[in-house]
Amino acid sequence: MDDRGGSFVAVRRIPQGLERGTTTTTCHSTSAEVVAGSAAWLGRGLSCVCVQGRENDARPSFDLTPAQEECLQRLQSRIDVVYDGSIPEHQEALRTLWNVAFPEEELCDLISEQWKEMGWQGKDPSTDFRGGGFISLENLLYFATNFPKSFQDLLRKEEGDRSIWEYPFAVAGVNITFMLIQMLDLEAVKPRTMVGATFLKFLAENESAFDLLYCITFKLMDKQWLAMRASYMDFNTVMKSTRRQLERELLQDEIRLEDLPSYSLLSR
């Protein structure tokens with residue numbers, strides 16, 4: 001765990017039978033009670049999530065085909081993009097995320113208390129993108145548009161016997177992006193793990209492989225969360241368990257990401 005005491009939000013579930021407001025001009029949270037606090041497991045101290053081994057550990061490298069090297073460089077270019085709230089394209093992407101998440105509710109402003117309904121730490125989501133960059137927003141958008149049912153199920157915590165204090169959806173999503181970048185060693189010139197080398201085979205076949213793996217991982221994480229009957233202080237433990245399961249699945253010599261066992265968890 002990171003020892004800097006990064007901040008977080010935990011979302012308290014409203015008992016079933018109480019519906020969220022449908023008024024399109026509401027500018028406050030109606031679906032959950034958002035509680036701020038401080039802990040190291042989630043939020044700005046994103047380096048706490050699932051870091052394994054030491055940076056100076058000797059690790060092998062794997063040679064890449066020209067196609068794999070080109071795909072990796074394009075993905076690394078995406079990873080390097082920092083979210084910048086002054087860029088119109090970034091602003092529009094954030095508005096689009098709100099619209100696909102809550103089509104029945106108008107967003108008052110890009111800085112608004114409404115964002116807490118999605119599980120951001122505060123009223124300005126840009127502060128939470130620091131750990132995952134613009135690609136973490138792209139991941140959420142890909143999830144919302146390609147697997148809308150699964151996205152909505154996780155956003156609204158509609159499946160399973162949930163804990164009273166749930167993980168915040170959006171910040172968890174940024175953590176997942178960050179974890180995958182680490183797990184797949186995507187900032188290295190060449191992969192130094194078998195898992196990373198295996199992923200690049202998928203990437204060479206499917207340019208959206210990282211986004212698709214993100215969706216699989218998010219759904220798998222929620223499944224682990226429910227199986228472990230976890231509450232928000234267990235988030236780091238759940239993420240580590242999710243990483244181990246994902247690594248096992250990636251090493252099963254599947255031909256496509258769609259063949260991974262956890263892919264079957266997704267629904268459109």
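Here are some questions and answers about helices and aromatic rings in this predicted model.

Local features need pLDDT of at least 70 and side-chain atom pairs count only at pLDDT 80 or more, while totals for chains, interfaces and linings use all residues. Residues are numbered from 1 along each chain as its sequence is written, and side-chain values use heavy atoms, with hydrogens and water left out.

Q: What makes up the chain, in helices and strands?
A: There are 8 helices and 3 strands, and along the sequence they run β-β-α-α-α-α-β-α-α-α-α. Both kinds are DSSP runs numbered from the N terminus: H or I over at least four residues for helices, E over at least two for strands.

Q: How do the axes of helix α3 and helix α5 cross?
A: The axes of α3 (residues 134–146) and α5 (residues 169–183) come within 9 Å and cross at roughly 115°. Each axis is a line fitted to C-alpha atoms over the stretch in contact, with angles running from 0 to 180 degrees between N-to-C directions.

Q: Which residues of α3 and α5 meet?
A: Ile135, Ser136, Asn139 and Leu140 in α3 meet Phe169, Ala170, Val174 and Thr177 in α5; contact means heavy atoms within 4.5 Å. The residues of this contact divide into 5 nonpolar, 3 polar and no charged.

Q: Why is the pair of Phe151 and Phe169 called edge-to-face?
A: Rings of Phe, Tyr and Trp (its six-membered ring) pair if their centres lie within 6.5 Å; planes under 30 degrees apart count as stacked, over 60 as edge-to-face and the rest as tilted. Phe151 and Phe169 are 5.1 Å apart centre to centre, with 90° between the planes, so the pair is edge-to-face. Phe151 lies in helix α4 (residues 148–155) and Phe169 in helix α5, so the pair ties together parts 18 residues apart in sequence.

Q: And what makes Phe169 and Phe218 stacked?
A: Their centres are 5.0 Å apart and their planes 20° apart, so they count as stacked. Phe218 sits in helix α7 (residues 209–227), 49 residues from Phe169.

Q: How do you know that Phe169 and Phe218 are buried?
A: Buried means under 20% relative accessible area (exposed is over 50%, partly exposed in between; 1.4 Å probe, protein chains only). Phe169 has 2% and Phe218 has 0%, so both count as buried.

Q: Why does the charge of Lys157 count as sitting over the ring of Tyr167?
A: The rule wants NZ of Lys or CZ of Arg within 6 Å of the ring centre and within 35 degrees of the ring normal. The charged end of Lys157 is 4.3 Å from the centre of the Tyr167 ring and sits over that ring.

How values were computed
Nonpolar A, V, L, I, M, F, W, Y, C, P; charged D, E, K, R; others polar.
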